[in-house]
Structures are given as C-alpha cells and as structure tokens.
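Hi,

Here is the structure I promised to pass on. Have a look at it first, and then read on for my notes.

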Amino acid sequence: MNTKSPVQQIIHPLFSAHQISVAIKRDDLIHPVISGNKWRKLKCNISAIDKATHQGILSFGGSYSNHIHALAYACYQHKLPCIGIIRGEVEYAKNFTLASAQQWGMQLHFVDRKTYRRRNDNDYLAELRQQFANYFIVPEGGSNTLALEGVGDVINELNQQAEFDTLITPVGSGGTLAGLVQADNNQHQLLGIAVLKQQGYLTDSVNALLGEQASKFSNWQILNQFHRGGYAKFSAVDVQRLLTFKQQVNIPFEPVYSGKMILALLDLIESGYFPAGHRIMLLHTGGLQGLAGLCERKLLNDEEWPLPEYFTE
Ligand SMILES: *Cc1c(COP(=O)(O)O)cnc(C)c1O
C-alpha cells in the first residue's frame, strides 16, 4: 500500500489576490477504499492486535461512517473478524457504506440513539465485552492514543516534502488533530476546523488524547464558527461554492469534512486572516465514500458529485 501521499500546489485567483500560497496533502489518494485519516488512525490499532488474545475488532459509527467503511476493509485485508455497532435501523444496511462493509465481512449490530450515546461509558463497554468476548474495542472514529502515532506520519512525510507556516485539518472527534499536534511538536501553526456544532469540548478531547504532554503544545487551535449548521449540514450556497472550487482546482472534495475545511479557508482568506506571503498546507483527510450516501439521500446530485472512479470500477 502506498502510504506516502503526494503534496500538490493549488492555484486559485483568491489565493493569488491575497498573496497566499496553498498546498494540499492528498491523503485521499493513499488507498482507494481506506483513504485518508481513517487509514492513518487504524494502522497502529491493527498492528497492536495480538491474534492470540484478540479475535477481532469492534467499533462504532453512524450509518454513513467513513470509519466503519475503512475499518471493514482493513479487517477484510488483514483477515480479522470485525463488528460494527451502528447507530440506526436495519434498513440502513442497504446503503452504500454499510452494504460495502458487510460485503467485506463486517457484522453489523444496529442500536438506537439512546444506546449509541453510551458508546464511551464503562458499563456499556463492559456489557459489550461480555457479549463479544475477545474483541479489541476501538472508539468511534478510531480516535484513541494508538491512532496518534499513525497520524503523526503525516508530519514526518511533510517534513520531507514541503515548507509551510500553517497546517489546516477538519476536526470531527479530534484524533487527527491530536496526532498532528503531537508529531509536529510546535514547528508549525495548526488550525482545526470543527465540522460540528460544539462549545469547545473538542479542545478538551484533543488535550485528553495528548495526555500528560498536552501542556507542551501551544501552537494549535480549533475554530468553531465554520460548522455551517452542524454535522453534515450545509446550505445550497455552500454546495454551489464548493462545487465551483472543486471544478476550478480539479480536486475531489465532499461537504462533510474536507469541503467544510475548504469553505472555512475561503472565508478566512477573504477576511484577511492570513498575512500576505503566508504558506498554508491543507490536509485532505479523504472520506469521499461519503458522497454515495449524500447522493442516495438526494442531499447532493450525483452528476455534480460523482464518486471517484476507483469506487465504481
Ligand atoms: C473522521 C474524519 C475526519 C475527522 O477526524 P477526527 O480524527 O475524528 O477529528 C476528517 N475528515 C474525514 C474525511 C473523516 O472521515
């Protein structure tokens, strides 16, 4: 598997007008199925599995989850049994994400919202350990301390690939940002764009993942004003703006994660947030499989938002 992803310069009239240089690290190209940050986060989790003590992996996700999709494929590749605890109803099993996961051998267990909310509670985890003995439990989104090291490879690669001042990434659970912060070790500015509505708990989640060393790192922050209504929410204007950008630069994005980072970048540059001469590196975290579910639900039009060819070949 090609793990070192390319860096590409983005040419765009807004960037040149403000004399900002923007490049993007294409983690969406790491692997056709297990793209982006989910692959980075799973890598060390999978190597940590000792087949003598663990029979497989159990994890959690929504019915369109990039993490569930990536985990199912990674386990299929490593011949590891896997179980997905899915928020939602059995009918969802037919959607693109979950149909693929099942095809790769993932066992799906659907739970209601109330049960799903207990996904990090010790008593619920203890119940799951009884029900599914010997399964290694990975939290939602794959964000645990093992994930940080895998994500840190982004920085190790970038240090050989490019010079930049600020690295920008979308933030869902905070695992990716935490891994970047730890590996970067105060070399660059790191900006996280929260893709969901929250009052700052994500900063606590990142600090919790960083653990004792958290206070060493001062060069990062999460911007909370770019969620556009909440997780997976976006307006028709947002979609149009992103579509135009995607066509101008000829790079695929989806509006839940990478697209929200792009819209935030455009807003920040327009507002003069970055000084002239600033060099920005974007992390393309992948997640393009999510386009299928958005098109299935008619939230996007599949002619304008096709899945990358490697999904349909
Ligand atoms: C999960 C995900 C994120 C968010 O990563 P966290 O580590 O949960 O903050 C960003 N981009 C994509 C494409 C994702 O699937």
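Where is the place of S35? S35 sits in a loop, the one between strand 2 (21–26) and helix 2. Before going further, do keep in mind that this is a predicted model. S35 counts as buried because its relative accessibility is 11%, and the cut-off for buried is under 20%.

Now for the ligand. There are 16 residues around the ligand, and those that come nearest are K38, K41, S173, T176 and T285. Sorted by class, that shell holds eleven polar, three nonpolar and two charged residues.

- S173 has a polar side-chain atom 2.6 Å from an oxygen atom of the ligand.
- N66 also places a polar side-chain atom by a ligand oxygen, at 2.7 Å.
- G175 uses its backbone instead, with an N or O atom 3.3 Å from an oxygen atom of the ligand.

How much of the ligand does the protein bury? On its own the ligand exposes 380 Å², and the protein buries 97% of that. Helix 2 (36–48), strand 7 (166–171) and helix 8 (175–184) are the elements that each give two or more residues to the shell. Helix 2 gives the most, with three residues.

Next, strand 3, which covers residues 56–62. All seven of its seven residues are buried. In a regular strand the side chains alternate between the two faces of the sheet. Here both faces are covered: on one side you will find G56, L58, F60 and G62, and on the other I57, S59 and G61, all of them buried.

Which strands does strand 3 pair with? One of its partners is strand 4 (residues 82–87), which runs parallel to strand 3 and is joined to it by six bridges. If you want a spot to check, G61 stands opposite I86 in strand 4. Another partner is strand 6 (residues 135–137), again in the parallel sense, over three bridges. There, G56 stands opposite Y135.

Helix 11 is worth a look too. It runs over residues 258–270, so to speak for 13 residues, and reaches 18 Å from its first C-alpha to its last, close to the 18 Å expected at 1.5 Å a residue. Helix 11 is mostly covered, with eleven of its 13 residues buried. After helix 11 comes G272, whose phi is positive, near 75°.

N185 has a phi near 50° and is found in the loop between helix 8 and strand 8 (189–194). With a relative accessibility of 45%, N185 counts as partly exposed. R228 has a phi of about 60° and belongs to the loop between strand 9 (220–223) and helix 10 (236–249). Is R228 buried or partly exposed? R228 counts as partly exposed, because its relative accessibility is 21% and buried means under 20%.

Cheers

Key
Residues are numbered from 1 along each chain as its sequence is written. This is a predicted model: local features need pLDDT of at least 70, side-chain atom pairs count only at pLDDT 80 or more; totals for chains, interfaces and linings use all residues. Side-chain values use heavy atoms; hydrogens and water are left out. Helices (H or I, at least four residues) and strands (E, at least two) are DSSP runs, numbered from the N terminus. The expected span of a helix is 1.5 Å times one less than its number of residues. Buried means under 20% relative accessible area, exposed over 50%, partly exposed in between (1.4 Å probe, protein chains only). A residue is near a molecule or strand if one of its heavy atoms lies within 4 Å of it. A polar contact is a pair of N or O atoms within 3.5 Å; within protein, one must be able to donate a hydrogen and the other to accept it, and residues adjacent in sequence count only if both atoms are side-chain atoms. Accessible areas come from the Shrake-Rupley method with a 1.4 Å probe; for residues, only the protein chains shown count as cover. Ala, Val, Leu, Ile, Met, Phe, Trp, Tyr, Cys and Pro count as nonpolar, Asp, Glu, Lys and Arg as charged, and the others, Gly among them, as polar. Two strands pair if DSSP finds at least two bridges between them.
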